[in-house]
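Subject: Two-chain model, structure and findings

Hello,

I am passing on the structure we spoke about. Please find it below, followed by my notes on what was found in it.

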Amino acid sequence: MIAYLFIILGLVFIFFGTLGIIRFPDIYTRLQTSSKCDAAGAVALLVGLMVREGLDSLSLRILLILVFLLLTNPVATCNSTLCCHQRDKAMAEEKEMLKGVAD
Amino acid sequence: MTAVTIIIAVLGITASLALYRVIFGPTPWDRLIAVNLISSKVVMIMVAAAVFFERRIYLDVALVYAIIGFVSIIAISKFLESEDTDRK
C-alpha cells in the first residue's frame with residue numbers, strides 16, 4: 001500500500017514535469033521543471049519500488065541507482081543552466097556594444 | 001490491467017511527450033534537457049521491469065544506461081559551450 005502510494009506520487013511528479021517541459025516558455029523554467037521531474041519523481045518512484053521489493057540484494061541495487069541519479073542529475077542541470085546563463089550574458093553584452101556603436 | 005502496465009505506460013507516454021521538445025525545440029539546450037529527461041525515464045522503466053518481472057540483470061543495464069546518459073549529457077553540454085565561446 002505504502003509502496004503504491006510512493007509510486008503514484010512519483011508518476012504524478014513525472015507527468016507534471018513533462019507537461020512543464022512542453023508548456024513552459026523559457027529555457028530556465030524548462031530546466032527548473034526538468035530537474036524537479038528528475039529529482040522528486042525518480043526518487044519517489046524508486047523508493048516505492050524498493051519498498052515493494054523489501055530488503056533484498058535487488059533493492060540495494062535500486063538504492064545504488066537512486067544515489068547515482070541523485071548525484072548526477074543536479075550536476076547536469078546545473079551545468080546546462082550555467083552555460084545558458086553565460087550565453088545569454090554574452091549575447092546581451094554584444095547587443096549593448098552594438099547599440100553603443102550605432103549611437 | 002496490472003500495476004506494471006500502468007507504470008510503464010505512463011513513463012512511455014511521458015517520454016514520447018518529451019520527444020516533442022526534442023524535435024521542435026528552439027535551441028539545442030532545450031533538446032539536450034529533453035534527451036536527459038527521456039534517458040532518466042528509460043532508467044526508471046528498466047528498474048520497474050526488473051522489480052515486477054523478477055529479472056535482476058535489468059538493474060545492471062539500468063545502471064550502465066544511467067552512467068552513459070550522464071557522460072553524454074556532460075560531453076554534449078561542453079561541446080555546445082565551446083561552440084558558443086568560439087562564435088564569440
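The buried residues of α1(A) pack against α2 of chain A and against α1 and α2 of chain B. Residues count as buried when 20 or more other C-beta atoms lie within 10 Å of their own, as exposed when there are 12 or fewer, and as partly exposed in between, with C-beta atoms placed from the backbone. The buried residues in α1(A) are A:Ile7, A:Gly10, A:Leu11, A:Phe13, A:Ile14, A:Gly17, A:Thr18 and A:Ile21. They lie on the same side of α1(A), because the arc they cover around the axis is only 160°; the arc is that of the directions from the helix axis to the C-beta atoms. An α-helix has 3.6 residues a turn, so residues three or four places apart point the same way. The face turned away from the buried side of α1(A) carries the exposed residues A:Ile2, A:Leu5 and A:Arg23. With 22 residues, α1(A) reaches 32 Å from its first C-alpha to its last, close to the expected 32 Å, where the expected span is 1.5 Å times one less than the number of residues.

Some conventions before the rest. This is a predicted model, in which local features need pLDDT of at least 70 and side-chain atom pairs count only at pLDDT 80 or more, while totals for chains, interfaces and linings use all residues. Residues are numbered from 1 along each chain as its sequence is written, and chains are lettered from A and ligands numbered from 1 in the order in which they are written. Helices (H or I, at least four residues) and strands (E, at least two) are DSSP runs, numbered from the N terminus.

The chains

Chain A has three helices and zero strands, in the order α-α-α from the N terminus. Its radius of gyration is 20 Å, whereas a compact globule of 103 residues would have one near 13 Å. That radius is taken over C-alpha atoms, and the globule rule is 2.2 Å times the number of residues to the power 0.38. The C-alpha trace of chain A spans about 70 × 25 × 10 Å along its principal axes, and 37% of its 103 residues count as buried.

Chain B also comes to three helices and zero strands. Its radius of gyration of 16 Å is well over the 12 Å that the rule gives for 88 residues, so chain B is more spread out than a compact globule. Along the principal axes, the C-alpha trace of chain B spans about 55 × 25 × 10 Å. Of its 88 residues, 38% count as buried.

Two residues are in contact if their C-beta atoms, placed from the backbone, lie within 7 Å. Among contacts in chain A between residues at least 6 apart in sequence, 63% join residues at least 24 apart. In chain B, residues 24 or more positions apart account for 39% of the contacts with a separation of 6 or more.

Helix α2 of chain B covers residues 28–53 and reaches 37 Å, close to the 38 Å expected. B:Glu54 follows α2(B) and has a positive phi, near 60°.

The interface and the core

In the interface, 36 residues of chain A are in contact with 36 residues of chain B. On the chain A side, α3(A) gives the most, with 16 residues. By class, that side has 24 nonpolar, six polar and six charged residues (nonpolar: Ala, Val, Leu, Ile, Met, Phe, Trp, Tyr, Cys and Pro; charged: Asp, Glu, Lys and Arg; polar: the others, Gly among them).

The largest nonpolar core has 45 residues, and those with the most contacts inside it are A:Leu46, A:Leu49, A:Ile65 and B:Val47. Such a core is a set of buried Ala, Val, Leu, Ile, Met, Phe, Trp, Tyr and Cys residues joined through C-beta atoms within 7 Å. α2(B) gives the most to this core, with 13 residues. Not counting residues up to four places away in sequence, A:Leu46 touches A:Ile62, A:Ile65, A:Leu66 and B:Val47.

Two single residues

B:Val43 sits in helix α2 of chain B and is buried, with 24 other C-beta atoms within 10 Å. Beyond four places in sequence, B:Val43 is in contact with A:Ile65, B:Ala62, B:Tyr65 and B:Ala66.

A:Ser34 belongs to helix α2 of chain A and is buried, with 28 other C-beta atoms within 10 Å. Leaving aside neighbours within four places in sequence, the contacts of A:Ser34 are A:Gly17, A:Ile21, A:Thr77, B:Ile33, B:Asn36 and B:Leu37.

Regards
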